[in-house]
Amino acid sequence: MNEVAYYDKGEASLDKQAKTFQNFTYDNQSNGGVLNKLSEIEKKINDIKNDIQTLSGDYNTLVNKYEKFSNYKSVMNKIITTMTNNVDAINRSYGNVVKTATQAINEHMSTDSTLMSDLDQLNRLLANGSKTN
Amino acid sequence: MDVNQKEYDYDEIIKFTGAGGELDQVLSKLQSRLKKLREKINECEPLFHGKGNTSSIYKCYKELYDKIGTDSASGTMWFNTKNSYDLINLMNTNAVSDKNKDF
């Protein structure tokens, strides 16, 4: 079989594990801060949703144009359905990170009033997330 | 003309599924964004985390990484990206083969 499409074998096979830490941390100062990172994560999730839609559209183009390609239809549907379910699950987990951050800020606001503006931004991220779900 | 040639335009499919074609471009973008998403989660972890591996924050990050997954972990984003890559290559190979049969 010809291998014509691009494939990132290194990233595809990379073992992806959550890290463990010794203490709770909410760092809104360094490296762009938590809110900045959460916002970037949300953007990437939305980009991936759009890519899946484009891929689905391209598959449909082939199947609709040429009957021969209907043989591939069940495989195409399975790929798109599973990818869509995955990105929905990713979006829910991301929403849970934002909710957890919101709870953490609520708990710490009594001792650090500067976190009030973070709470506003987290609530905006949560609202955006629920719109895209 | 062979009956196969009437079924579809080989050259169109070879271009559509080949390197730099529409499907290659969208799959490349998807892979790049999956990598970026993993990197962003990676960068977020040191900034916001709980204690140990039983905290609710750790579980959220674990779910995110598990769903992105690897190409050998069934049902994950990368597993299906690999399936899509294999399918595109298969369609391209078949189109090249069908074209060669006719010439």
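What share of the 133 residues in chain A is buried? Buried residues make up 32% of chain A; a residue is buried if 20 or more other C-beta atoms lie within 10 Å of its own, exposed if 12 or fewer, and partly exposed in between, with C-beta atoms placed from the backbone.

This is a predicted model, in which local features need pLDDT of at least 70 and side-chain atom pairs count only at pLDDT 80 or more, while totals for chains, interfaces and linings use all residues. Residues are numbered from 1 along each chain as its sequence is written, and chains are lettered from A and ligands numbered from 1 in the order in which they are written.

**Stop 1: chain A**

Select chain A, which has four helices and one strand. Helices (H or I, at least four residues) and strands (E, at least two) are DSSP runs, numbered from the N terminus. Along the sequence the pattern is α-β-α-α-α. Among contacts in chain A with a separation of 6 or more, 64% join residues 24 or more positions apart; two residues are in contact if their C-beta atoms, placed from the backbone, lie within 7 Å.

Pick A:Gly95, in helix H3 of chain A. A:Gly95 counts as buried because it has 20 C-beta neighbours inside 10 Å. Its C-alpha atom is separated by 8.4 Å from that of A:Leu125, 30 residues apart along the chain.

Then pick A:Asn64, in helix H2 of chain A. A:Asn64 counts as exposed because it has 10 C-beta neighbours inside 10 Å. From A:Asn64 to A:Gln121 is 44 Å, C-alpha to C-alpha, for 57 residues in sequence.

**Stop 2: where the chains meet**

Show both chains: 64 residues of chain B are in contact with 56 residues of chain A. On the chain B side, the elements that give two or more residues are helix H3 (22–47), strand S1 (48–49), helix H4 (56–68) and helix H5 (77–102). H3(B) provides the largest share, 21 residues. By class, this side of chain B has 27 nonpolar, 20 polar and 17 charged residues. Here Ala, Val, Leu, Ile, Met, Phe, Trp, Tyr, Cys and Pro count as nonpolar, Asp, Glu, Lys and Arg as charged, and the others, Gly among them, as polar.

Next, select strand S1 (residues 25–26) of chain A and S1(B), which pair in the antiparallel sense over two bridges; strands pair if DSSP finds at least two bridges between them. A:Thr25 stands opposite B:His49.

**Stop 3: the core**

The largest nonpolar core has 57 residues. Such a core is a set of buried Ala, Val, Leu, Ile, Met, Phe, Trp, Tyr and Cys residues joined through C-beta atoms within 7 Å. H3(A) gives the most to this core, with eleven residues. A:Val34, A:Leu38, A:Ala101 and B:Leu64 have the most contacts inside the core.

Centre on A:Val34. Leaving aside neighbours within four places in sequence, A:Val34 is in contact with residues including A:Tyr26, A:Ala101, B:Cys44 and B:Phe48.

**Stop 4: helix H4 of chain B**

Which residues of H4(B) are buried? They are B:Ile57, B:Cys60, B:Tyr61, B:Leu64, B:Tyr65, B:Lys67 and B:Ile68.
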